[in-house]
Amino acid sequence: MFKVPIVIVLTVVVGASLALPSDPYNQPTYKPVPIPYNFAYGVKDDYAGTDFGHNEDSDGHTVKGSYNVALPDGRIQTVSYVADHNNGYQAQVSYKGEAQYPHQYGPAVTFKPQPSYQPQPSYQPQPSYQPQPSYQPQPSYQPQPSYQPQPSYQ
């Protein structure tokens with residue numbers, strides 16, 4: 001009788017399982033259909049000194065856009081970018097204006113809060129009738145104990 005070592009049998013079984021395709025039905029993988037989009041927004045608040053914006057367009061494969069922000073030194077920084085799956089994210093940064101630095105330094109500019117509206121009570125409503133109770137409470141029943149213990153000492 002010929003005995004096959006277990007190592008050889010395991011090697012044949014593992015080799016056969018690795019040779020089989022991982023997807024026996026050979027189905028294609030699902031890839032979502034690219035959807036084009038675009039958006040834009042801008043914020044400018046003179047009271048707080050905020051000024052920035054962003055816009056972006058996509059054809060479903062390539063994204064192009066830019067965003068900008070007003071820097072504290074007076075310049076406007078703009079970042080223009082293009083991104084896709086082949087070349088990745090590519091950005092170009094540019095500045096508009098010249099940096100301005102004050103000759104005097106002092107405390108930071110802060111804005112004092114405005115007083116909030118405090119209405120003065122001018123009308124005090126008074127009831128036009130005197131409510132009466134709708135029932136008369138009865139004295140509650142308090143039972144008297146039938147057994148009255150006597151003190152054990154005399």
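In this predicted model, strand β4 (residues 76–84) and β5 run antiparallel and are joined by 9 bridges. The two belong to an open sheet of 5 strands, ordered β1-β2-β3-β4-β5, with antiparallel pairing. The structure also holds helix α1 (residues 6–19), 3 salt bridges and a nonpolar surface patch of about 480 Å².

**Sheet: order and edges**

- The 5 strands follow the order β1-β2-β3-β4-β5 in an open, antiparallel sheet.
- β1 and β5 (88–96) are the edge strands; each has a single partner strand, so one side of each has no neighbour in the sheet.
- From one strand to the next, the twist averages 10 degrees.

**Strand pairs and hairpins**

- β1 pairs with β2 in the antiparallel sense over 9 bridges.
- Within this pair, Asp45 lies opposite Thr50 of β2.
- The hairpin of β1 and β2 has 4 residues between the strands, and Gly49 in its turn has a positive phi of about 80 degrees.
- β2 and strand β3 (residues 63–70) are also antiparallel, with 7 bridges between them.
- Two residue pairs can be located here: Asp57 stands opposite Lys64 in β3, and Glu56 has Gly65 of β3 as its bridge partner.
- The hairpin of β2 and β3 likewise has 4 residues between its strands, and Gly60 takes a positive phi near 105 degrees there.
- β4 and β5 are connected as a hairpin through 3 residues.
- Across the β4 and β5 pair, which has 9 bridges, Thr78 stands opposite Ser94 in β5.

**Salt bridges**

- The structure has 3 salt bridges.
- Asp73 and Arg75 meet through their side chains in a salt bridge at 2.9 Å, N to O.
- Asp73 counts as buried because its relative accessibility is 12%, under the 20% cut-off.
- Arg75 is partly exposed, since its relative accessible area is 23%.
- Salt bridges with shared partners link Lys44, Asp46 and Asp51 into one network.
- Asp51 is partly exposed, because its relative accessible area is 29%.

**Nonpolar surface patch**

- Tyr37, Phe39, Tyr41, Val43, Phe52 and Val69 make up a nonpolar patch on the surface; together they have about 480 Å² of accessible area.
- Strand β1 (residues 37–45) supplies the largest share of the patch, with 4 residues.
- Phe52, another patch member, lies in strand β2 (residues 50–58).
- Phe52 counts as partly exposed because its relative accessibility is 33%, which falls between the 20% and 50% cut-offs.

**Helix α1**

- Helix α1 (residues 6–19) contains 14 residues.
- From its first C-alpha to its last, α1 reaches 20 Å, close to the 20 Å expected at 1.5 Å a residue.

**Loop between α1 and β1**

- Pro36 is found in the loop between α1 and β1.
- Pro36 counts as exposed because its relative accessible area is 54%, over the 50% cut-off.
- Pro36 and Ala70 are 34 residues apart along the chain, and their C-alpha atoms are separated by 29 Å.

Note on methods: Residues are numbered from 1 along each chain as its sequence is written. This is a predicted model: local features need pLDDT of at least 70, side-chain atom pairs count only at pLDDT 80 or more; totals for chains, interfaces and linings use all residues. Side-chain values use heavy atoms; hydrogens and water are left out. Patches are made of residues with over 30% relative accessible area and no salt bridge: like charges are joined within 9 Å, nonpolar side chains (Val, Leu, Ile, Met, Phe, Trp, Tyr) within 5 Å. Accessible areas come from the Shrake-Rupley method with a 1.4 Å probe; for residues, only the protein chains shown count as cover. A salt bridge is a side-chain nitrogen of Lys or Arg within 4 Å of a carboxyl oxygen of Asp or Glu. Buried means under 20% relative accessible area, exposed over 50%, partly exposed in between (1.4 Å probe, protein chains only). Two strands pair if DSSP finds at least two bridges between them. Axes are lines fitted to C-alpha atoms, for helices over the stretch in contact, and angles run from 0 to 180 degrees between N-to-C directions. The expected span of a helix is 1.5 Å times one less than its number of residues.
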